[in-house]
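Hi everyone, thanks for coming.

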Amino acid sequence: MTYNTIERIYKPSKQVLESYILKGQPFIATGVVNEWPAYKLWSSNHDYLVKKLGEKEIPIREIGYNVGEWLGKTTTLKFSQFWKLWTKHFNNPDNAANETPQFYLASLPVHKYFKEIETDFTIPDLPKEQGKNANLWIGLKGQVTPLHHDWSSGDPGMDGLHAVVCGKKLFKLYDPSLNLKCFKRKSEWGLFHHALVDDVENPNLDMFPEVKNAVGIDAVIEQGEMLFIPKLWWHHVRTLEPSISLNFWFQDIGSEFLKCDRYLGVIEHYLEAVYNMQVQDSKLKTLIQFFDPPAQGQQVTDEKVEEFKRNPILFVSLPKFISSFSNAVNNPIFKNHPEKERFKKEMTKKIEEWVVKKRESLNP
Ligand SMILES: O=C(O)CCC(=O)C(=O)O
C-alpha cells in the first residue's frame, strides 16, 4: 500500500472549502477548532462536560477489540458512567486496550442528545446553511472505525468535516475512483458502504490480496484541527489518544455532479453490490414494500419476493431506488438551485444506462 501526505490550510474560507469539494480532495483546516470555546472547555476541565451532561441516558456503542466490530451492539449508559470510564483511561490510555468491551460514544447528534453544549462550537458555514447539525464522538486510545464511506438512506454519499477538539486521530483516506479494484464491498443491505477488508492497517493479504495495490493518504488530525473528507472517499479511523471530536455531514451540488463522471465507476461498484446483495426474504419483502409499494392496503406477496430473487435486476431498475441516488439535492437549501434538475436527470440517466448494460450482459 502506498501513502501520501495531506495538505494543511490555515483558516480556510468557505470558498476554499468549496474548491476542495469540487476537486474531491481532502485537506486539514488549522486555526479554526482551536478558537471554539469547546477547545478549552472540553479538553482541560474534565468536570465541565459531566456537570452539563451527567444525568443523560445515552446510547453507547459496545465494541470488542476486533477491528471489524465497530457496528457492534448498543448499550444505554448515563453520560456520567461513560465519562468515568473515559477519564479513567485518559491518564493511562494504554490500559484501555486490555479491557473488553470498549465503549465508544460514536456519532450522536448534539442537537438531539447534548443541546447544553451546542453553543461551545460553531457549525461551519456549509453544513449550517443546510440545517445540518454536529455529531459527537468520544473514544479511547486504540478504538477503530473500520473502512467505510459515508452514506445514509436519506443522503446517499455525503461530504464531511471531522473536528478533533481533544486528543488525536489517524485517518487513512482513499480516493474511491483510484482504488476501485482494491476494496470489495460488504453484501448485506445497509452495509454496501462498508469495505470487506478486515483491517487496512494490517490487512489479511491472503484473504484480500487486492488491498496491497491501494493508494491512500495518511492524515493525523491533531488536537484543534479539522479534516475535510470528500464524498464517497473510503476512510478508516484510529483514535491515537483519548479523543473528543465533532463531525458535520453536508451536501454540495458540485460533489453530487462528481458522481456522474469522476465517481461514476464508484456508483457502478455500489450498484453491483446492491445487485449481488445477500438478504433474507423478510427483509427483501420490506425493501420491495418501500421501493415498489403495491396498491394501498395490499402486501407484497411471496411470489413477488421470489420474482425479485430470481431476477435481481428488477430491484436495481426500480425508479424509486434509482432516484435515491439523487435524493441529496431534495434538501430545501437546493430548492431553487439552477443545476438541481439537470443533476437529477443526469444521475438517473447514468444509472439507467448501467441497468441497460447489466441486462445486456445477462442476456447477451
Ligand atoms: O472517528 C471515527 O471513529 C469515525 C469518524 C467518521 O467516520 C467520520 O467522521 O465520517
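**Around the ligand**

Let me start with the shell around the ligand: its residues divide into three nonpolar, five polar and two charged. Please keep in mind that this is a predicted model.

So, which residues surround the ligand? They are Trp 137, Thr 145, Asp 150, Gly 160, His 162, Lys 169, Ile 229, His 235, Val 237 and Asn 247. Two elements give two or more residues each to that shell, namely strand 9, at 159–174, and strand 12, at 234–250.

Next, let's zoom out to the domains. The domain assignment gives domain 1 as 2–251 and domain 2 as 256–362. How many residues does the contact take from each domain? It takes 18 residues from domain 1 and 23 residues from domain 2. On the domain 1 side, the residues that touch domain 2 are six nonpolar, seven polar and five charged. Taken over C-alpha atoms, the centres of the two domains are separated by 28 Å.

Now for some helix pairs. Have a look at helix 3, residues 46–53, and helix 4, residues 79–91: they pack at about 165 degrees, with their axes 9 Å apart. Angles over 145 degrees count as roughly antiparallel, and helix 3 and helix 4 are therefore roughly antiparallel to each other. Their crossing is right-handed. On the helix 3 side, the contact is made by His 46, Leu 49, Val 50 and Leu 53, while helix 4 brings Phe 79, Ser 80, Trp 83 and Thr 87. By class, that contact has five nonpolar, three polar and no charged residues.

Our next pair is helix 9, residues 281–291, with helix 10, residues 302–310. Their axes come within 10 Å and cross at roughly 95 degrees, which makes helix 9 roughly perpendicular to helix 10. Who makes the contact here? From helix 9 we have Asp 281, Leu 284, Lys 285 and Ile 288, and from helix 10 we have Lys 304, Val 305, Phe 308 and Lys 309. The classes in this contact are four nonpolar, no polar and four charged residues.

One more pair, and then I'll hand over to you. Helix 8, residues 264–275, packs with helix 13, residues 340–362, at an angle of about 55 degrees, and their axes are 11 Å apart. That angle makes helix 8 oblique to helix 13. The two helices cross in a right-handed way. From helix 8, the residues Leu 264, Glu 268, Leu 271 and Tyr 275 meet Lys 350, Ile 351, Trp 354 and Lys 358 of helix 13. Sorted by class, there are five nonpolar, no polar and three charged residues in this contact.

That's my tour, so please go ahead with your questions!

Notes: Residues are numbered from 1 along each chain as its sequence is written. This is a predicted model: local features need pLDDT of at least 70, side-chain atom pairs count only at pLDDT 80 or more; totals for chains, interfaces and linings use all residues. Axes are lines fitted to C-alpha atoms, for helices over the stretch in contact, and angles run from 0 to 180 degrees between N-to-C directions. Helices (H or I, at least four residues) and strands (E, at least two) are DSSP runs, numbered from the N terminus. Angles under 35 degrees count as roughly parallel, over 145 as roughly antiparallel, 65 to 115 as roughly perpendicular and the rest as oblique. A crossing is left-handed if the near helix is turned anticlockwise from the far one by less than a right angle, and right-handed if clockwise. Two residues are in contact if their C-beta atoms, placed from the backbone, lie within 7 Å. Ala, Val, Leu, Ile, Met, Phe, Trp, Tyr, Cys and Pro count as nonpolar, Asp, Glu, Lys and Arg as charged, and the others, Gly among them, as polar. A residue is near a molecule or strand if its C-beta atom, placed from the backbone, lies within 6 Å of it. Domain bounds come from an automatic or database domain assignment.
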